[in-house]
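Dear colleague,

Please find the structure we discussed below. A summary of the findings follows it.

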Amino acid sequence: MLSDKEQLRDISSIGLKTVISELPPAATGSTMTANVCKKITAQLTGAIGKQEDVSVQLEALDILSDMLSRLGGTLYSFHSSILSCLLPQLTSPRLAVRKRAIIALGHLVLTCSGNIFSELTEHLLAELKRNESTSTTRTYIQCVAGISRQAGHRIGEHLEKIIPLIVQYCNVDDDELREYCFQAFESFVRRCPKEMDPHISSVMGLCLKYITFDPNYNYDNEEEEEEMMETENGEDEEQESNDEYSDDDDISWKVRRAAAKCLEAVVSSRPDLLQDFYRTLSPALIGRFKEREENVKADIFNAYISLLKQTLPTQSWLHSSDASGKDDIPLTMLQKQVPSIIKALHKQLKEKSIKSRQGCFSLLTELASVLPGCLADHIPALIPGIVFSLVDKSSSSNMRIDTLSFLHVLLCNHQPEVFHPHVKALLPPVVACIGDPFYKITSEALLVTQQLVKVIRPLDKQYSFDAKPYVKDLFSGTLKRLKAADIDQEVKERAISCMGQIIYNLGDHLSTDLQPTLKIFLERLKNEITRLTTVKALTLIANSPLQIDLRPILGEGLPILASFLRKNQRALKLSTLNALDILVKNYSDRGALNAIIDFFQALVLTRTAAVGYPELVKQLTAPIYCPGPAGAALTLHKQAFHSVARCVAALCSACPKEAPATVTQFVQDVKSPKSSPAVQVLAFLFLAEVGRSRNLSAQRELRSVLLEALASPSEEVKSAAAFALGSVSAGSLQEFLPLLLSEIGSQPKRQYLLLHSLKELISCSPAAGLTPYVEDIWALLFKHCECTEEGTRSVVAECLGKLTLVNPAELLPRLRKQLAAGSPHARSTVVTAIKFTITDQPQPIDALLKGCIGDFLRTLQDPDLNVRRVALALFNSAAHNKPSLIRDLLSSVLPSLYNETKVRRELIREVEMGPFKHTVDDGLDVRKAAFECMYTLLESCLDQLDIYDYLNHVEDGLKDHYDIRMLTFIVLARLSVLCPSAVLQRLERLIEPLRATCSTKVKAGSVKQEFEKQDELKRSAMRAVAALLTIPEVEKSPAMAEFSSHIRSSPEMASLFESIQKDSASLPTLESMDMS
C-alpha cells in the first residue's frame, strides 16, 4: 500500500478494507481482531504522518476511519497516538485530507477516554482563538461540528467556551465560514439541547438575521413587477445581470440554507418555546416563503413544518374535558397567521418548479392536520393549484402522489359543505388518477376517492347538494380496480375499502349494480390476501344507515366469517368478531339486553295467557332452576345470572301487583336447604335489582336471610348476598342502614363482606338521601381505617372516597387532617380514599382537590413503604384521569417519584425455602408503581418533563427486575415516537441492556415458566428495538448498526425480530399499556 505503483496501492487498500469489514466485532471476544488492530494501526498512523503522497494519506485515513467506527474500543491503547497523528492533518494544504481527518476524529470521539476528548477540545479551542487563517478556522469549526454530531453528549460541558467564538466568527464577512458556523450551531442544538439553553436566543437571533441574507437580489422590486411579469414573458431578466458579478459566484444561499436548518433544529428540540416561536419566528419564516433558491426554500418549508409538528396537540387517551390542561395559545396564534401563509403559497402551487410545489403541499398537509378546519375559507384559492398538479403533463409521479395525499388530509379535516361547490372540478382529475398505470398513484387516488364519497353525500345530516350526477364516474372508476386480479396488493385493498365506502354512502343509487358488486366482495373474502380488508369493508356496509340488503351474500358469507375465528391471526379474529357483532345487531331480530328487557315488559303487558307473568318468569329462570345434567347451572357465565335477574326485575316493575309475591318466593328459595348455590346467587341478584328501586323493608324475613347468607360456604353466594344487602339498604335507608352499621361494628368475621355492602349502598344512593347519615358512616369507617388486613382497608378507603363526593367541601379537609395520623395504615387508607374521588369526568370536587392534592402527594416521602406505594397509585390515577390536578405540582413531585425508581439494597432479604435460598425484594411493588407513573406522564404531561432526567431513570429500569424491565421496554418504545432526538442522544447507553436481554440464555434445567418468562421479556425488548429503528438517523449510530447486524446474524433473534414486525404491521397503534 505504501508502494509507488498506483495499481498496487489501490488493490492493497481495497484488500485491507475488506479484511477490516470482515473482522468479528470486539464484543464476540475474538483475539484475532485485537491482534490485527495492533499490527496495522501503527503503520497506518505512520503512513498518514508522511505528507509526501496525498493519495496514500487519503487511503490510510479512510482505513483508519473504518477501523475506528467498527472497532474503536479495541484500539484503546492507540487512541493517544491516533489523535496526535490526526490533529496536524487539519492544517494540511489539501482540503480532502482535512475532510477525512475530521471524519476519523468523529469516529474516535465515540470511544476515546475523557482525557483524550478534553485534549482534542482544548486543541480546537486554542486554534479557534488563534485564528491563524480563515481557511484553517473554517476547518476547525467543521471539526467541532463533526465531533458534536458524533458524540454530542460529550461536548456539552465545553460549549460555554466554544459558543462565543463561533458567534464571533458569524460576523466575519466570509460566506463559507458562516455556513460552517450555522452547521455547528445546528449540531449543538440537536445534540446538547440542555447545555444550549442559555444560548438559544442569541443563536435564533443570528439565524433570523442570516435567513434573509441575500445581498445580490432585491425582493422588493419583485412584488411591484409581479403584475408586469404576467403580461410579458419575463425572459429579459437574463440580459440585465451586470458583467462584473455573476450569479455563480454567489454562495450566500448556503448561509441562508444553514440558518434555516439551524432554525429547524431549534424548533424541533424546544417545544417549550412555542409561543415565542409564533411571535418572532413564524412571521419571519412566512416572509421567506418567497426565497428564490429552491434548496433554501425547501429547508425554510421544513423548518415551518417542524414548527407545525410541535404545535400538534398531543394525541392521547385523554378526554377533551381535561385535555392535559394545556393552553391553546399557540394554536390561536397560528390561526391568525393562516391567511398570510395562504397568501404566500397559493401562487406557488402553479409554479413550474416541482420541488417548490411539493414543499408547499407538504406544509399545507401539516397545517390541515394541526388545525382541522383552518383552510375552510381558503379552499377556492387552493383548488386550482390542486387540479393543476394533477392534470399538468410535467408533474412527476411523486408530485401527483403528494398532491393527492394533501387532498386526502384536506377532505378529512374540513366540513363537507366547503367542498360542494368544487366537486365538479375535483372529481374528474381524481378519477383519472384511479386509472393511472403507476400503482402508487392509483392507491393514493382510491384513498382520496373514499374520502370524496363521504364528502359528496354525508349521512350524518341533510345537505342540499345532489350526489347523483357523480355516482356513475366514482363507481365505474373504482369497480375497474376492484375487478382486476393482477394488481398491486395495496391497490387491491384500497379498492375494496373504497367500494365499501361507496356502498355505505351511495348504495341506494347503485340499483342493479349492487348485487354483482357484493358477489365480488364474497370472492375477495375467500382470498387469504384480501380477506382482512374485505371483513372491514363488510362491517362498514352492514352498519350503513341506508340498510343495505346483504342477505343474498350472508348465506355463503357467514360460514366463511365463522371459519376466520379459528385462524391464528389476531387482527383477522378481532375484525371478524366486530363484523359478526354488527351483523347480529343489524341483520337479526335479537338485540342487546336492554332491548330484551323492553320486549319482555311489552310482552307481559299484552296480557296474553301463553306469555303471562308467571310463564315468563318460569321460562327465564328455568336454566338456573332446572338444569339438565347435574350442576350445569353454575357453568353458565356469571353475566347470565345478572342478565336473568335484570329481566325478572323488569317484569316486576311492569306488573307491580305481582312483585311482592315474587320477592317472597325468592326469599323462600334462599332459605330452602334444597336450593342450589346457583339458585341462591340468582335470588340475591334479583333482590339487589328490585331493592335498589323499591323499599323492601316490609319483607320481614329479608334481613335475617341476607345476614345469614354471609356465612354461606359458597364464595359466590356470599358475595351475591353482600351485593344484595348493599342494594336493598340503598332502597330502604332508614330501616337498613342502622342495621348495617351496627353489624359492621359487632361482627369482625363478616366485616369485609359487610363493608362491601356499605360500598354498594354509598355507590347507589343519591347524595341527598345519604346526607343525614354521613356522620355515622364517617365515624364507623375511621374506626376501621387502621385494620391490619389490606383488603379491608382498601374497601374502607373506597367507601371514604365515595362518601367524600357527597359533601366534598366539608369532608375533604377532614381527610387532609388525618394525614397527620400516627399509624401508617391510617395514612395509606386516607391516600387511597383520595384516589377514589378522582374520575375521568368533571366533578364538583375537582376545584377543591386541585388546591389540596399536593398535601396528599407529600406522602411520597413517607417513611412507610406501603404509604409510598399507595401515594404512587394516587399520583398515577390523577395523571391518567385528570392531569390538570397535578401539572403545576410536577416540579416538586418528580424528585420523589424518581427516587422511588431506585433499587434499595436494605429492602432485599433472603428467605430459606427448604434446601434453597430465595431472595425477596420488598421494594419491587413500589418501583413498579413508580415506573407505571412515569409511563402515564408520557401521555399526559410530556411537555412538563425534563426528558434527559427522565431517561436517566429509564436507563436504570432497563437493568432492573423482570417486571420493571417489561415496563421500561414499553416506555422506551413510546419515547422513540414522542422524543426521538433525546433517545438518539442516549442511544449507546440504552442499547446495552436491550442487547443483554435479547442475548440471555435460560439454564438448561429451568422450569417451563422460566422459559416463557424469558421469551416474553425478549419479545418486549425486541419491540423496543423495533421502535428505536424507526427513529430517523438511527442508522448513523455505530452501536445501533452493530446491534442490528448482530440481530441479523443470529437466527433466533432474526426470526423473533421478524415476527415482531409482522405483529406491529397488522395492528394499527403502537403498543400501549392500559393503566386505568
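Two strands are taken to pair if DSSP finds at least two bridges between them. The model is a predicted one, and in it strand 1 (residues 908–913) and strand 2 pair in the antiparallel sense over six bridges. Within this pairing, Arg-909 stands opposite Val-920 of strand 2. Two residues lie between the strands of this hairpin, where Gly-914 adopts a positive phi near 65°. Because zero of the six residues of strand 2 (residues 916–921) are buried, that strand lies largely in the open.

Turning to the domains, the assignment for the protein gives domain 1 (333–456), domain 2 (468–554) and domain 3 (946–1065). The C-alpha centres of domain 1 and domain 2 are 25 Å apart, and 18 residues of domain 1 are in contact with 17 residues of domain 2. Together these two domains bury about 1,600 Å², with 72% of it on carbon and sulfur atoms. Leu-446, Gln-450 and Val-453 supply 33% of the area that domain 1 buries against domain 2, more than any other three residues.

Leaving aside neighbours within four places in sequence, the contacts of Phe-182 include Cys-170, Leu-206, Tyr-210 and Val-255.

With kind regards

Methods. Residues are numbered from 1 along each chain as its sequence is written. This is a predicted model: local features need pLDDT of at least 70, side-chain atom pairs count only at pLDDT 80 or more; totals for chains, interfaces and linings use all residues. Side-chain values use heavy atoms; hydrogens and water are left out. Buried means under 20% relative accessible area, exposed over 50%, partly exposed in between (1.4 Å probe, protein chains only). Helices (H or I, at least four residues) and strands (E, at least two) are DSSP runs, numbered from the N terminus. Contact means heavy atoms within 4.5 Å. Domain bounds come from an automatic or database domain assignment. Buried area is the accessible area (1.4 Å probe) that two parts lose on being put together, summed over both.
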